[in-house]
Structures are given as structure tokens and as C-alpha cells.
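Subject: Structure handover

Hello,

Here is the structure I promised you. Please open it next to this email and follow along.

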Amino acid sequence: MIAETVCSAVAAAGLGIAAVTAYRRRFLAAARIAAYALVPLGLAMTGVVDWLVDTAFSPTAWAGFGVLGAAWALFAVTRAVEKRRGGTRKERRAAAAAAQREAVAPQASAPSLGPTARTAPRPQTTTRGDSEDFSDIEAILKKHGI
């Protein structure tokens with residue numbers, strides 16, 4: 001009841017300001033002020049104000065707003081994680097399969113060469129300096145399976 005009275009008073013004051021503005025021959029501004037002044041009165045007449053007052057003082061309504069906020073937060077977090085990972089699960093699997101196919105050229109891998117295409121072992125170098133220089137590189141390559 002108090003909310004409707006306040007809305008009516010605001011509308012009356014706004015219409016008074018619109019009348020003064022129209023008296024000063026600023027009709028466009030007066031019409032705009034009158035439109036803004038009639039909004040609270042219309043909201044009070046339709047019952048929206050009662051609904052807002054009931055919602056503002058209802059613990060169930062505030063719990064509902066909390067649930068909606070939690071749902072929004074879950075959507076935002078899952079979207080951020082999905083964006084960081086690089087898309088949906090289907091897109092990630094397709095990208096992983098494409099990367100695996102393109103990772104090693106077929107000519108470079110040992111299984112693709114077949115058993116008949118194996119090369120003869122390399123001759124050992126006789127100088128001590130050359131074998132020392134490449135021993136650490138060979139160890140790294142063997143560690144990675146190359």
C-alpha cells in the first residue's frame with residue numbers, strides 16, 4: 001500500500017515538472033518527462049510493484065537468486081575451462097589424432113621401413129674426439145627412442 005502511494009506521488013511530481021517545462025515552451029522535453037513520470041504509476045497499477053516488494057522481503061526468492069547465481073557461475077567456469085583446453089572433447093580428440101598423424105613422417109620411422117630395408121651398421125670412427133662429441137647426443141636420442 002505504501003509502495004503504490006509513493007509511486008503515485010512520484011508520478012504526480014513528474015507530471016507537475018512536465019507542466020512547468022511545457023509552460024516554458026519546451027514541449028519535447030515536457031513529453032519525455034511526462035513519459036518517465038507515468039512509468040512508476042503504470043507499474044503500481046499492474047501489480048509489478050507488489051511483486052517486487054514481495055520478492056524483496058522473501059527468503060525463498062533470495063535463495064532462488066542465489067541458485068541462479070550459482071548456475072551462472074558454473075556456466076562461466078565450465079566455459080572458461082573449455083576455452084582454455086581448446087574446445088569440446090570431440091574437437092580435442094580430432095586435434096590429437098591429427099597431431100599424431102603429422103608428428104612423424106612415414107619415411108622416418110623404423111617400422112615403416114620394413115624388415116628388408118634396414119641399413120648396414122655405421123662404421124665406427126677411429127678418432128677419439130669425434131666419438132666423445134656425439135656420445136651425449138646419441139644418449140639423448142636413445143632416451144627419446146630415435
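First, a definition: a residue is buried under 20% relative accessible area, exposed over 50%, and partly exposed in between, using a 1.4 Å probe and protein chains only.

Two notes on the source. This is a predicted model, where local features need pLDDT of at least 70 and side-chain atom pairs count only at pLDDT 80 or more, while totals for chains, interfaces and linings use all residues. Residues are numbered from 1 along each chain as its sequence is written, and side-chain values use heavy atoms, with hydrogens and water left out.

**The chain overall**

The chain has 7 helices and 0 strands. Helices (H or I, at least four residues) and strands (E, at least two) are DSSP runs, numbered from the N terminus. Along the sequence, the pattern reads α-α-α-α-α-α-α. The chain holds 146 residues, and 10% of them are buried. Now the contacts, meaning heavy atoms within 4.5 Å. Take those with a separation of 6 or more: 33% of them join residues 24 or more positions apart.

**H1 and H2**

Two packed helices are described by the angle between their axes and the distance between the axes. Here, helix H1 (residues 2-23) and helix H2 (residues 27-46) have axes that come within 8 Å and cross at roughly 170°. Axes are lines fitted to C-alpha atoms, for helices over the stretch in contact, and angles run from 0 to 180 degrees between N-to-C directions. H1 and H2 are therefore roughly antiparallel. The cut-offs are under 35 degrees for roughly parallel, over 145 for roughly antiparallel, 65 to 115 for roughly perpendicular, and oblique for the rest.

Which residues make the contact? From H1 they include Glu4, Cys7, Leu15 and Thr21, and from H2 they include Phe27, Ile33, Pro40 and Ala44. The contact residues of H1 with H2 divide into 17 nonpolar, 3 polar and 1 charged. Ala, Val, Leu, Ile, Met, Phe, Trp, Tyr, Cys and Pro count as nonpolar, Asp, Glu, Lys and Arg as charged, and the others, Gly among them, as polar.

Look at Thr21 in H1. Thr21 counts as buried because its relative accessible area is 12%. Beyond its neighbours within four places in sequence, Thr21 touches Arg26, Ala29, Ala30 and Ile33.

Next, go to the loop between H1 and H2, where Arg25 lies. Arg25 is not a glycine, yet has a positive phi of about 65°. At 68% relative accessibility, Arg25 is exposed.

**Thr55 in H3**

Thr55 sits in helix H3 (residues 48-56). Is Thr55 buried or exposed? Its relative accessibility is 13%, so Thr55 counts as buried. A polar atom of its side chain lies 2.7 Å from the backbone oxygen of Trp51. Leaving aside neighbours within four places in sequence, Thr55 contacts Ala61, Trp62 and Phe65.

**The salt bridge**

Side chains of opposite charge can pair when their charged atoms come close. How many salt bridges does a search of the whole structure find? The search finds 1. A salt bridge is a side-chain nitrogen of Lys or Arg within 4 Å of a carboxyl oxygen of Asp or Glu. Arg79 pairs with Glu82, with the closest N and O atoms 2.8 Å apart. Both residues lie in helix H4 (residues 59-85), 3 residues apart, about one turn of the helix. Arg79 is partly exposed, at 48% relative accessible area. Glu82 is also partly exposed, at 26%.

Best wishes

Notes
A polar contact is a pair of N or O atoms within 3.5 Å; within protein, one must be able to donate a hydrogen and the other to accept it, and residues adjacent in sequence count only if both atoms are side-chain atoms.
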